[in-house]
Amino acid sequence: MSFKEISANDIKDNAFDMIGKKWMLVTASDGEKVNTMTASWGGVGIMWGKPVAFVFIRPQRYTKEFVDKADTLSLTFFDESYRKMLNYMGTTSGRDEDKIAKAELTTCFSDKTPYFEEAETALIVKKLYVQEMNKDCLTDESIDKRWYPENDYHTMYICEIEKVLVK
């Protein structure tokens with residue numbers, strides 16, 4: 001089954017369900033290799049008059065190196081039958097093995113942006129804003145204690161949604 005392009009305004013799925021419950025793969029290329037990771041933090045909305053997605057990546061994640069080098073990345077969403085694969089992608093580093101091949105995912109490209117044929121939905125996004133999160137900006141102390149005991153604050157990426165591909 002092939003993808004068709006729709007407008008970001010025509011996405012019918014609930015973003016809370018897509019990101020928080022189903023999870024997503026954040027995928028980028030450094031021009032030679034592709035890497036991906038599972039994420040369940042992020043969102044979609046409007047910023048600077050554009051449809052955007054925002055994602056958060058911890059500094060130790062290998063995929064962050066790829067996202068930082070690339071101008072674009074993809075956010076891909078899968079049906080529930082891919083839950084085991086998403087768990088694997090979130091717990092195994094691409095530094096240690098070719099996890100995309102091991103998961104038997106088929107890498108496709110929209111121009112130079114990688115995404116996966118097995119996905120139900122792929123957002124092709126372009127970075128607009130990147131900022132490291134900072135303890136001093138947290139207004140609720142419990143967040144720091146619960147989520148950042150190692151002081152490994154996420155980097156936030158706000159990205160313009162350039163294409164939405166659905167099956």
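## Basis of the description

A residue is called buried when its relative accessible area is under 20%, exposed when over 50%, and partly exposed in between, with a 1.4 Å probe and protein chains only. This is a predicted model, in which local features need pLDDT of at least 70 and side-chain atom pairs count only at pLDDT 80 or more, while totals for chains, interfaces and linings use all residues. Residues are numbered from 1 along each chain as its sequence is written, and side-chain values use heavy atoms, with hydrogens and water left out.

## Overall form

The protein chain contains five helices and 10 strands; these are DSSP runs, with helices (H or I) of at least four residues and strands (E) of at least two, numbered from the N terminus. The radius of gyration, taken over C-alpha atoms, is 15 Å, which agrees with the value near 15 Å for a compact globule of 167 residues; the globule rule is 2.2 Å times the number of residues to the power 0.38. The C-alpha trace spans about 45 × 40 × 30 Å along its principal axes.

Of the 167 residues, 44% count as buried. Among contacts (heavy atoms within 4.5 Å) with a separation of 6 or more, 72% join residues 24 or more positions apart.

Thr 38 belongs to strand S3, residues 34–39, and is buried at 12% relative accessibility. Its side chain makes polar contacts, meaning pairs of N or O atoms within 3.5 Å; within protein, one must be able to donate a hydrogen and the other to accept it, and residues adjacent in sequence count only if both atoms are side-chain atoms. A polar atom of this side chain lies 2.6 Å from the backbone oxygen of Leu 86, and the side chain reaches the backbone nitrogen of Gly 90 at 3.2 Å.

Neighbours within four places in sequence aside, the residues in contact with Thr 38 include Trp 23, Arg 61 and Met 89.

## Helix H2

Helix H2 covers residues 62–69, and its buried residues are Tyr 62, Thr 63, Lys 64, Phe 66 and Val 67. These buried residues pack against S3 and other strands, including S2 (24–29), S5 (50–57) and S9 (121–132).

## Aromatic rings

Rings of Phe, Tyr and Trp (its six-membered ring) pair if their centres lie within 6.5 Å; planes under 30 degrees apart count as stacked, over 60 as edge-to-face and the rest as tilted. The count by this rule is seven aromatic pairs. The ring centres of Phe 78 and Tyr 82 are 5.3 Å apart and their planes stand at 50°, so this pair is tilted. Phe 78 is buried at 1% relative accessibility, whereas Tyr 82 is partly exposed at 24%.
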